[in-house]
Amino acid sequence: MRWWDLPPVLALERSLFPDDAWSEGMFWSELAHCRGPRRSRRYLVAEDADGRLAGYGGLAAGGGTGDIQTIAAAPDRWGSGVGSRLLAELLSAATGFGCREVLLEVRVDNLRAQRLYRRFGFEPIGFRRGYYQPGNVDALVMRRADPADEQGTTIHG
C-alpha cells in the first residue's frame, strides 16, 4: 500500500465499517512504519484486472508477535479468494519479521471472517468486551501459533 492508494482504501473502509472506520491519519501513521531499516509494518492492496481496489490488509510486528491490524475485501469480491490471498501474504510478512505468533481481533458477529481465520489455523483465545465503538460490539481475539506453518509448508510472497 502506498499513499496514492489511500483514497480508494478510505472509501472502502468507510463503506464496510461506517461506525468505526479508520481515519486517514491512522493509515498514514501505519504506512510511516512500512519503510526503512526499522520497519515493523506490512500493508497491502489487492486490485482487480482493471486496477480497481479489491481489498487491503495490514500487519504490525514486534517482539516476535504479529498483529493483523486490518483486512478487508470489497463486497463484490467476497468469496473470490481475495481475503485468503491477502491473509496469506500477511502471514508471509509475519514470518519475514520473525514472528512466532500472529494475533487478530474480529467482530463477534462477523462469522464469515471468523471462518476464514479458522481455515488459516487461527484459534479463539479470548474476548475484548465493547472493543468496537460506538456500537459496543465485542471482539473475538484469535491467535495462530506459527505464521509459517500453513499445512506444514512455509508461505512465500
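Asn136 is found in the loop between β5 and β6. In this predicted model, Asn136 has a positive phi of about 60°, although it is not a glycine. The loop between β5 and β6 also holds Pro134, and a cis peptide bond with an omega of about 10° joins Gln133 to Pro134.

The 15 residues of α3 should span 21 Å at 1.5 Å a residue, and the end C-alpha atoms of α3 are 21 Å apart, which agrees. The buried residues of α3 are Val82, Gly83, Leu86, Leu87, Ala88, Leu90, Leu91, Ser92, Ala93 and Ala94. An α-helix has 3.6 residues a turn, so residues three or four places apart point the same way. The cover over the buried residues of α3 includes the strands β1, β2, β3, β4 and β6 and the helix α4.

The largest nonpolar core has 27 residues, of which Ile68, Leu87, Tyr117 and Phe122 touch the most other members. Two or more residues of this core come from each of β1 (41-47), β2 (53-62), β3, α3, β4, α4 and β6 (137-144). The most is given by α3, with eight residues. Leaving aside residues up to four places away in sequence, Leu87 touches Ile68, Ile71, Leu116, Tyr117, Phe120 and Phe122.

**The largest pocket**

The volume of the largest pocket is about 1000 Å³. Its lining comprises 35 residues, and the closest to the pocket centre are Phe17, Ile71, Asn110, Ala113 and Tyr117. At least two lining residues are supplied by each of α1 (6-16), β3 (65-73), α3 (82-96), β4 (101-107), α4 (111-119) and β5 (123-132). The largest share of the lining, seven residues, comes from β3. By class, the lining residues divide into 17 nonpolar, eight polar and 10 charged.

**Gly64 and Ala145**

Gly64 lies in the loop between β2 and β3, whereas Ala145 lies in the segment after β6. Gly64 counts as buried because its relative accessible area is 14%, and the cut-off for burial is under 20%. Ala145, in contrast, is partly exposed, with a relative accessible area of 44%. Gly64 touches Gly98, Cys99, Arg100 and Glu101; Ala145 touches Arg100 and Glu101.

| Pair | Separation along the chain | C-alpha distance |
|---|---|---|
| Ala145 and Ala49 | 96 residues | 34 Å |
| Gly64 and Arg77 | 13 residues | 32 Å |

Methods: Residues are numbered from 1 along each chain as its sequence is written. This is a predicted model: local features need pLDDT of at least 70, side-chain atom pairs count only at pLDDT 80 or more; totals for chains, interfaces and linings use all residues. Side-chain values use heavy atoms; hydrogens and water are left out. On a 1 Å grid over the protein atoms alone, a cavity is a set of points where a 1.4 Å probe fits but cannot get out, and a pocket is an open set with protein on both sides within 12 Å along at least five of seven lines; lining residues have an atom within 4 Å of a point. Grid points are joined across faces, edges and corners, and a volume is the space filled by probe spheres set on the points. Helices (H or I, at least four residues) and strands (E, at least two) are DSSP runs, numbered from the N terminus. Ala, Val, Leu, Ile, Met, Phe, Trp, Tyr, Cys and Pro count as nonpolar, Asp, Glu, Lys and Arg as charged, and the others, Gly among them, as polar. A nonpolar core is a set of buried Ala, Val, Leu, Ile, Met, Phe, Trp, Tyr and Cys residues joined through side-chain atoms within 4.5 Å. Buried means under 20% relative accessible area, exposed over 50%, partly exposed in between (1.4 Å probe, protein chains only). Contact means heavy atoms within 4.5 Å. The expected span of a helix is 1.5 Å times one less than its number of residues.
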